[in-house]
Amino acid sequence: MHEMSIAIQIIEIAGASIPDELKGTPVEKLNLKIGKLSAVIPDSLVFCFDIAAENTAFEGSFLNIEEIPVRLKCLSCDHQWIIEEPAFKCDSCNSGSIEVISGRELDIESIEFQD
Amino acid sequence: MEIKVAQKMLDANDEMARHNRLLFKEKNVFVINIMSSPGSGKTTLLEKTLGRIQPDINCGIIVGDICTKNDAERILKTGAPAIQINTDAFGGECHLSAGSIEKAASDFNLEEMDLLIVENVGNLVCPAEFDIGEDVRVVVLSVTEGEDKPLKYPLMFRESSLALLNKIDLLPYLDYDIGLTKKYITRINAEMPVIEISSKTLEGFDQWIEWLKNRIIQKK
Ligand SMILES: Nc1nc2c(ncn2[C@@H]2O[C@H](COP(=O)(O)OP(=O)(O)O)[C@@H](O)[C@H]2O)c(=O)[nH]1
Ligand SMILES: [Mg+2]
Ligand SMILES: [Zn+2]
């Protein structure tokens, strides 16, 4: 539901990291990593990004989202595994003392320019 | 041609949250972020909680809402200073950001405050993502909502330090399976305590107030 404000943040952050010599070069692709546990829905983000990108360096560029699986680590036995369903309990020793290792990402990775 | 960016989308918010946390620590203010769906009873919980802890504990309240001022007016009647943040900038923003808290907090006298309670916007999704510089997050779930809410909103239940199961005065009139809700909460966050309360009859309030006071003391 906050995808529009996130889209605007992305454009601001990514825009600020374009070096002077590439200013004006059309952007082809913006690469993101979004964890599956995050409260951002990729489809809505793409929709908002396309609107927010109008009249910026990113107008018409492709938002490429890599979804990151939720990987957990048991703090009792060090076992690591990936979950598809919301169940935060060690599937090896049954402990509920769990750390989320990945799946919370909301990262801007890189910008690809047209040659 | 590809250039690395390697930055977090929420960098600006997280930076502001760090700034808030430092400020609250310096002023010795304990900050609690209360989150729930609309109508779970956050404002009622606040009114009743303030009735129990004032004037021993000096409180300030920030209420986030999409557009009305009703909640702040309800809180002001308890005698606590309250500030309403309306988040309608984008046709209804769905969470409070660290920046909006920083602005609201600057209108309080933090020197004289022990406890700042933030009632977040009614929503179980987005507020979980935005750090505001709080010490603890409390999720409120009422027994008129589905038992499976913890499974549908896992991030919220992972990120909270306490779950309050509210409106238990209504249990005799419902087919609600409170054991099932607790089982689902355990599946998401086995280490989080759950306290059953009624903000109407004040059942369970002793336990909740004790939890709150302990956490405030721990910070000092
Ligand atoms: N029966 C009962 N009703 C409650 C309780 N807590 C809140 N309510 C009612 O639930 C409705 C929504 O409460 P409110 O505090 O405005 O919810 P908020 O949107 O989370 O701030 C109001 O009509 C309250 O009177 C409770 O413990 N028991
Ligand atoms: Mg309210
Ligand atoms: Zn284990």
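Is B:Ser198 buried or exposed? Buried: its relative accessible area is 0%. Keep in mind that this is a predicted model.

Next, another serine in a loop. B:Ser37 lies between strand E2 (30–35) and helix H2 (42–53) of chain B. B:Ser37 has a relative accessibility of 8%, so it counts as buried, the cut-off being under 20%. Which side chain does B:Ser37 meet in a polar contact of 3.0 Å? That of B:Lys149.

Over to chain A. First, confidence. The mean pLDDT of chain A is 95, and 99% of the residues score at least 70. Which element of chain A has the lowest mean pLDDT? Helix H1 (residues 3–16), with 93. Strand E3 (residues 70–74) has the highest, 98.

One residue to look at here: A:Asn31, in strand E1 (residues 27–35) of chain A. A:Asn31 is buried, at 10% relative accessible area. Its side chain makes a polar contact of 2.7 Å with the side chain of A:Asn64. Please note the list of residues it touches, again leaving out those up to four places away in sequence. Within chain A they include A:Asp107, A:Ile108, A:Glu109, A:Ser110 and A:Glu112. From chain B, B:Glu2 is on the list.

Back to chain B for a helix pair. Two packed helices are described by the angle between their axes and the distance between the axes. Helix H1 (residues 11–26) and helix H4 (residues 98–105) of chain B pack at about 35 degrees, with axes 8 Å apart. The crossing is left-handed. Which residues make the contact? H1(B) brings B:Asn13, B:Met16, B:Ala17, B:His19, B:Asn20 and B:Phe24. H4(B) brings B:Ala98, B:Gly99, B:Ile101, B:Glu102 and B:Ala105. By type, six are nonpolar, four polar and one charged.

Last, some backbone points, all in chain B. Where is the cis peptide bond? Between B:Gln54 and B:Pro55, with omega about 0 degrees. B:Pro55 is in the loop between H2 and strand E3 (59–65).

B:Ala6, in strand E1 (residues 2–8) of chain B, has a phi of about 45 degrees. B:Ala6 counts as exposed, at 56% relative accessibility. B:Asn28 is in the loop between H1 and E2, and its phi is about 60 degrees. Its relative accessibility is 38%, so B:Asn28 counts as partly exposed.

That's the tour. Questions, please.

Terms used:
Residues are numbered from 1 along each chain as its sequence is written. Chains are lettered from A and ligands numbered from 1 in the order in which they are written. This is a predicted model: local features need pLDDT of at least 70, side-chain atom pairs count only at pLDDT 80 or more; totals for chains, interfaces and linings use all residues. Side-chain values use heavy atoms; hydrogens and water are left out. Buried means under 20% relative accessible area, exposed over 50%, partly exposed in between (1.4 Å probe, protein chains only). Axes are lines fitted to C-alpha atoms, for helices over the stretch in contact, and angles run from 0 to 180 degrees between N-to-C directions. Helices (H or I, at least four residues) and strands (E, at least two) are DSSP runs, numbered from the N terminus. A crossing is left-handed if the near helix is turned anticlockwise from the far one by less than a right angle, and right-handed if clockwise. Contact means heavy atoms within 4.5 Å. Ala, Val, Leu, Ile, Met, Phe, Trp, Tyr, Cys and Pro count as nonpolar, Asp, Glu, Lys and Arg as charged, and the others, Gly among them, as polar. pLDDT is the predictor's confidence in each residue, from 0 to 100. A polar contact is a pair of N or O atoms within 3.5 Å; within protein, one must be able to donate a hydrogen and the other to accept it, and residues adjacent in sequence count only if both atoms are side-chain atoms.
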